[in-house]
Structure formats: structure tokens, C-alpha cells
Amino acid sequence: MNKVTILIPVYNEVSTLEAIIKKVEDADFCGLEKEIILIDDYSTDGTRDLYQKFPYKVLYHDYNQGKGAALRDGFKAATGDIIVIQDADLEYDPVDYKPLIQLLLDGKADVCYGSRLSGGKPSRSFMFHHLLGNKFLSLVTNILYGSTLTDMETCYKAFKADFIKGIEIKSDRFDFEPEITAKVLKRGARLFELPISYYGREFAEGKKITWRDGIHAIIALIKYRFVD
């Protein structure tokens, strides 16, 4: 393995995009060559004017489709041996990806999640209802799939490319997270978790996920337990 693809779905992140790309560029991804792919989900805040500053592939949506749709396009375009997901805000620090990727390189895991809830790393206090929601969704996941995940909804997910590219992603929005988790677990993935830091935003700072997405996540977890 010699290349990692970093998928960055982007939607109205004009204030943070340059900073997160700099962090990705500076981070050590176990010495692997980096392929950065930006997927713009129809940003309208000036974000699109920034892309000319970067020497990276940009995929454009003609209308807002959602994070899942952006990542579906990103997986198709990725050429790396390992594929990771990086949000375009500053809630997650790319330096935390190194130990996750190392587990894949060592042949111990097919998929590795970064957990915000397992302790041992800096974490900004969650909004209380978000914390309860995350814990509940992880509990539902564990009951339905016989797993022991602490943070199913985490952004930080690292995959062996040959494993993830064999999975069809149908979800368009934030229900990508439960769908991909359900499908990797049903396929018997060696899935590990490691602690990561978290610098969460509030809605006033641009956070986009809401309680409605939690409802869709529960529906997706139940749905994909029984269908592909």
C-alpha cells in the first residue's frame, strides 16, 4: 500500500476550508502518498471560489444532494489503497488518522473508526442532546449487529479500498454513517476503534446535523439490518 485518498465533502465551508486543507497537507498519514479529493455539494457561500487555490481534484454537484451522495462520488473517484473521510470544518484533527491507518497497514483491520467517546483525547463538551443521541445510535447499532461500537456516527472512518469499493452506498444524506456501518458489519469486517480528539461546533458556528437526521439514522440501521 502506497497511497491514501482523503475524501473531503464540502458544503458552505468558506470560513474553514483553507485551514482544514492545510492541516491535511501537514499531517503524517503513515508516510503514504496523499490523494485529496474535494466534493462540492453545491456550495453557495463563496466556497467554490477557493478551489482554484488548490492543486486537487474537485467534483461538483449541480444541486445540494447531501454528504452520502458526495461520498458516493468520492469513493468512485478514489485511487488510493486506503480511503479516509475528512469533514471540511475544524471539528476533527487529521493528525488523529495516523494510528487508524497504521492498523490497516499492519493487516489487523479492514475498517477503523475514530471514536470521540472512548476517552483519552481532548474533546469539546458535546451539546447534551447530541451526546445522548450519539450514545443511543451506537447502542441501537450494537443491539442490531452484535457489535461493541462506542461512536457509530463519527466522521473519522478509514477503509481498505478493496473492501469499501465492493459496497454500494445508497444513502444521500447523513444516513450514510449508519448505512456504511451496517454494511461493513454484515460483511464481517475486522472493525476497530481508536480514540480521537473532537472540537465540536454548535449550530451558530455552522453545525448542520439535526435531530431529524437521528430519526433517519435509526430507520437506516433497521432497514439495512435486513436488506442490502
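**Strands, a crossover and a core**

Analyst: Let's start at Ile37, which stands opposite Lys57 in S3. This is a predicted model, where local features need pLDDT of at least 70 and side-chain atom pairs count only at pLDDT 80 or more, while totals for chains, interfaces and linings use all residues. Residues are numbered from 1 along each chain as its sequence is written, and side-chain values use heavy atoms, leaving out hydrogens and water.

User: What makes S2 and S3 a pair?

Analyst: Two strands pair if DSSP finds at least two bridges between them. S2 and S3 (residues 57–60) have 4 bridges and run in the parallel sense, so they qualify by that rule. S1 (residues 3–10) is also parallel to S2, with 8 bridges. Within that pairing Ile8 stands opposite Leu38, and Val4 has Lys34 as its bridge partner. Strands here are DSSP runs of E, at least two residues, and helices are runs of H or I, at least four, numbered from the N terminus.

User: Why is S2 called largely enclosed?

Analyst: Buried means under 20% relative accessible area (exposed is over 50%, partly exposed in between; 1.4 Å probe, protein chains only). In S2 (residues 33–40), 6 of the 8 residues are buried, so the rest of the structure largely encloses this strand.

User: Which hand does the crossover from S1 to S2 have?

Analyst: The test: with the strands pointing away from the viewer, a path running clockwise from the first strand over the helix to the second is right-handed. The chain goes from S1 through H1 (residues 17–26) to S2, and this β-α-β crossover is right-handed.

User: Why are S3 and S7 edge strands?

Analyst: The open sheet of 7 strands has the order S3-S2-S1-S4-S6-S5-S7, with mixed pairing. S3 and S7 (191–195) each have a single partner strand, so one side of each is left without a neighbour in the sheet.

User: Which residues touch the most other members of the largest nonpolar core?

Analyst: Leu17 and Val184, out of 67 residues. Such a core is a set of buried Ala, Val, Leu, Ile, Met, Phe, Trp, Tyr and Cys residues joined through side-chain atoms within 4.5 Å. Leaving aside neighbours within four places in sequence, Val184 has contacts including Val111, Tyr113 and Phe159.

Note on methods. Contact = heavy atoms within 4.5 Å.
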